[in-house]
Amino acid sequence: MTATATTRPRDAVGETSSGSGRIEIRGLRKTYVRNDKTVVPAIDDVDLVVEAGEFCVLLGPSGCGKTTLLRCLAGLEEPESGEIVVGGRPFYASDRKVSLTPQQRRLGMVFQSYALWPHMNVERNVAFPMTTRRARGTFGKDEVRRRVTRALETVGIGELAQQPVSALSGGQQQRVALARAIAFGSDVVLFDEPLSNVDAKVRVQLRQEIHALQRELGFTAVYVTHDQEEAMELADVLVVLKRGKVEQAGRPRRLYREPVSRYVADFVGTADILDGTVVGPVASADPGEGPRLVEVATALGTLTATAPPEEAGVAREGTEVGVVVRAEDWRITPPRTTTDGPGANRLVGVVRESAYLGASTQYLVEIAEQVVRVRPQGSAELAPGQELALYLEPGDLHLVTT
Ligand SMILES: Nc1ncnc2c1ncn2[C@@H]1O[C@H](COP(=O)(O)OP(=O)(O)OP(=O)(O)O)[C@@H](O)[C@H]1O
Ligand SMILES: [Mg+2]
């Protein structure tokens, strides 16, 4: 009931139960009006459920609404309509006029800019949210000290407790912010691009630590980034936003293998998306259940691809589609030793350029006057000018219509 949420006694704040980190967002909208009176639908009818203890990553280009969604969750921004329920507790419900303050929501937050108090030392920064007027009474002095010490040790900077934050490196400052977010013991911790100000090496280390910490402490994480590698590494649930709307949400593997649109295919992983027209189903393909093989005319030639079963229309002759080709799905076969069978995507190309990426090498390969990106797994080095026989598994080629 609404009344219980808004009139909850203060000493009950912080009460936890199983499932208390489950986030339900329904029909959420938030528009901004710019100075020139243009209306920006920053969050446009978002529905999203994150289960307790899951790591949810919001991914999308600049301006797609990632920060706005986090701020609405935290209570730093008032939406126009919709509902936010966390652990069964309404944080915001436009129809019932519920809107808890950030303090009542008690979520941990880690920002890109660290948001530390420069005049306080590390210990006092971490203790701060537990010593505000509102939180007083929830934690006794000894309890605050115990939580601060444990949080600092958890993030590996116990020895810096007495240092002024201004004397710390960016990576250390972000550890202080992280300690502050977890010291409270929140069921939900929100992260807004927490690692974009730290250097590349520390970034990778810190994100692994954040992941381990989240697993250990069991809080629900909502983590904003526009770094897709970071997103793939961290996410149990990946949410790709487009102009304030959820374009696709699901397991990272699902978004990678079965993107619903060019936008998602482009944003998650390295893909070339070839324009094509469906010629028809592959003659030998089983018309029964499961994925259907279809032939698609593209600039590279006719390719056999998999049409998702739930999208019957995709397999229809004449449908305009995009064929999503992942750089690492190209197989290199020795030239002229293979025979063609039905459904085989065998192509011939010429290496134009190569870029060594460490774990793999990416080649730009010209096929029928088109250039595609090819990252073969574990094969010998290829030289520019070299002719290649290439192969694509029909099951690896996914079709999108928008
Ligand atoms: N206070 C504000 N006043 C007016 N418009 C705003 C305000 N805050 C955000 N916006 C607009 O809302 C949209 C979403 O902004 P938001 O900050 O949520 O994007 P973002 O996905 O976090 O982007 P970035 O990756 O650049 O941080 C943008 O078009 C932005 O210009
Ligand atoms: Mg942002």
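Helix α2 (66-74) gives the most to the shell around ligand 1 in this predicted model, with three residues. Both α2 and strand β2 (39-50) supply at least two shell residues each; helices (H or I, at least four residues) and strands (E, at least two) are DSSP runs, numbered from the N terminus. In total, 14 residues surround the ligand, and the closest are Ser-62, Gly-63, Lys-66, Thr-67 and Thr-68, where a residue counts as near if one of its heavy atoms lies within 4 Å.

Several polar contacts (pairs of N or O atoms within 3.5 Å) can be picked out. A polar backbone atom of Gly-63 lies 2.8 Å from an oxygen of ligand 1, and a side-chain N or O atom of Thr-67 is 2.8 Å from a ligand oxygen. For the side chain of His-226, the corresponding distance is 3.5 Å. The protein covers 66% of the 640 Å² of accessible area that ligand 1 has on its own, as computed by the Shrake-Rupley method with a 1.4 Å probe.

Turning to charged pairs, the model holds 26 salt bridges, each a side-chain nitrogen of Lys or Arg within 4 Å of a carboxyl oxygen of Asp or Glu. Asp-142 is exposed at 59% relative accessibility, whereas Glu-143 is partly exposed at 24% and Arg-146 partly exposed at 43% (buried, under 20%; exposed, over 50%; partly exposed, in between; 1.4 Å probe, protein chains only).

A salt bridge of 3.7 Å, N to O, joins Glu-393 and Arg-331. This pair links distant parts of the chain, 62 residues apart: Glu-393 sits in the loop between β20 (387-392) and β21 (398-400), and Arg-331 in strand β16 (residues 331-333). Glu-393 is partly exposed at 31%, as is Arg-331 at 38%. Elsewhere, Arg-22, Glu-24, Arg-26, Glu-51, Glu-83, Asp-95 and Arg-96 form a network of salt bridges.

Residues are numbered from 1 along each chain as its sequence is written, and chains are lettered from A and ligands numbered from 1 in the order in which they are written. Local features need pLDDT of at least 70 and side-chain atom pairs count only at pLDDT 80 or more, while totals for chains, interfaces and linings use all residues; side-chain values use heavy atoms, with hydrogens and water left out.

Definitions and conventions. A polar contact is a pair of N or O atoms within 3.5 Å; within protein, one must be able to donate a hydrogen and the other to accept it, and residues adjacent in sequence count only if both atoms are side-chain atoms.
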